Amino acid sequence: MPHEVGIWFASNGQLPLITADNTNRGFFTDPTIAHGYYSFESNGVQSLSFFVEHISESRSWSGTWTNPTLNNGSNNFPATVSENLQLTTIGLETVRTFISEDGFRCGAGLGLGYGLGGASAQVLDKATGGTESHYSATAWNGLELAASLRVRYSVYVSGNLDVGLLAMGRYWGFPLIGPLGNSGAAYNGPALRVLSELGYLAGVAVGF
C-alpha cells in the first residue's frame, strides 16, 4: 500500500546500555512509550514516515534533597523522591523491506527525531513527613536516534485496505539530552545527559 498509519506501544522492557547510577537514575529502563506514524512515501520496498513518540517514566530514589534558600544558602534533608521524566519527540523514519511473503514482511529501519519535555519530582521529607512538588525550571530537549528490525503480518486485506500486526526490536537513544538552560540552584531534573537503550515496541497498522 502506498500509505500507512500505525501506532506502537511498549511498557517497561527496555535494556539500558549505560549502567544506572546517581547521574542517570536508571532512565529509561521501564518507560511507557507510545509511537504513532504516518507513512507518506513508499515504493513497496522503501518507505518514509513522519512519527510522534511520547516517552514517560518515574524513578524513585532515597538520599539528601537540597532546597536553595536566600543568600546562597540551602536546606538539606533526607528524602524519598519520585522523579518523572517525559519527552514528546517528532521526526522522520525510513524502513526498507527485505522479506515479503504471503502477508509477512520483515525490514530494517532508521529514525531521527527531536524531543521536548520536562522533569518533575515528588519529595517526601523523611524527618517531618511533609511532601513537596518540584518541576524543572527549564524545558528539556533531546536528539533521538533509532535503528530497528521490524516485522508486519497482515491479518485482514480487502481491496485497498490492509490491517496488520507489528513487532519491533530496536536500539534507541538520546546522544544529547537535558534542560534547555541553566537553572542555577533551582531544580532542573536528573543529571543525565546521554541515554542508550535496547528495547521493543508492538502495535497495529492500517495500509491504504
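Colleague: Where is Gly142 found?

Modeller: Gly142 is in strand E8. Strands are DSSP runs (E, at least two residues), and helices are DSSP runs too (H or I, at least four); both are numbered from the N terminus. This is a predicted model, so local features need pLDDT of at least 70 and side-chain atom pairs pLDDT 80 or more, while totals for chains, interfaces and linings use all residues. Residues are numbered from 1 along each chain as its sequence is written, and side-chain values use heavy atoms, with hydrogens and water left out.

Colleague: Is Gly142 buried or exposed?

Modeller: Buried, at a relative accessible area of 2%. The cut-offs: buried is under 20% relative accessible area, exposed is over 50%, partly exposed is in between (1.4 Å probe, protein chains only).

Colleague: What is Gly142 in contact with, leaving aside neighbours within four places in sequence?

Modeller: Gly113, Tyr114, Gly115, Phe174, Leu176 and Ile177. Contact means heavy atoms within 4.5 Å.

Colleague: How far apart are Gly142 and Pro2?

Modeller: In space, 31 Å, C-alpha to C-alpha. In sequence, Gly142 and Pro2 are 140 residues apart.

Colleague: Zooming out. How many helices and strands does the chain have?

Modeller: The chain has 0 helices and 10 strands. Its elements run β-β-β-β-β-β-β-β-β-β from the N terminus on. The C-alpha atoms fill a box of roughly 70 × 30 × 25 Å along the principal axes.

Colleague: And burial over the chain?

Modeller: Of the 208 residues, 40% count as buried. The accessible surface is about 10500 Å², and 60% of that belongs to carbon and sulfur atoms. Areas come from the Shrake-Rupley method with a 1.4 Å probe; for residues, only the protein chains shown count as cover.

Colleague: What about contacts between residues at least 6 apart in sequence?

Modeller: Of those, 69% join residues at least 24 apart.

Colleague: Switching to charges. How many salt bridges?

Modeller: The count is 7 salt bridges. The rule is a side-chain nitrogen of Lys or Arg within 4 Å of a carboxyl oxygen of Asp or Glu.

Colleague: Which residue meets Arg105 in a salt bridge?

Modeller: Glu4, at 3.6 Å, N to O. Arg105 sits in strand E6 (residues 104-125) and Glu4 in strand E1 (residues 4-11), so the pair links distant parts of the chain, 101 residues apart. Arg105 is partly exposed at 29% relative accessible area, and Glu4 is buried at 13%.

Colleague: What does Asp162 pair with?

Modeller: Arg152, with the closest N and O atoms 3.2 Å apart. Asp162 is in strand E9 and Arg152 in strand E8 (residues 140-158), 10 residues apart. Asp162 counts as buried at 12% relative accessibility. Arg152 counts as buried at 6%. Salt bridges with shared partners join Glu4, Arg105, Arg152 and Asp162 into one network.

Colleague: And Arg59?

Modeller: Arg59 forms a salt bridge with Glu57, the closest N and O atoms being 3.1 Å apart. Glu57 counts as buried, at 3% relative accessibility.

Colleague: Now rings. How many aromatic pairs?

Modeller: The count is 6 aromatic pairs. Rings of Phe, Tyr and Trp (its six-membered ring) pair if their centres lie within 6.5 Å; planes under 30 degrees apart are stacked, over 60 edge-to-face, the rest tilted.

Colleague: Why is the pair of Trp65 and Tyr187 tilted?

Modeller: The planes of Trp65 and Tyr187 are at 40 degrees, so the pair is tilted; the centres are 5.6 Å apart. Trp65 lies in strand E4 (residues 46-68) and Tyr187 in the loop between strand E9 (161-179) and strand E10 (195-207), so the pair ties together parts 122 residues apart in sequence. Trp65 is buried at 6% relative accessible area, and Tyr187 counts as buried at 13%.

Colleague: Which residues form a cluster through ring pairs?

Modeller: Phe27, Phe28, Trp172 and Phe174.

Colleague: What lies over the face of Trp61?

Modeller: Arg25, at 3.8 Å from the ring centre. A charge sits over a ring if NZ of Lys or CZ of Arg is within 6 Å of the ring centre and within 35 degrees of the ring normal.

Colleague: Last one. Where does Ser196 lie?

Modeller: In strand E10. Ser196 counts as buried at 13% relative accessibility. Leaving aside neighbours within four places in sequence, Ser196 is in contact with residues including Leu15, Pro16 and Tyr171.
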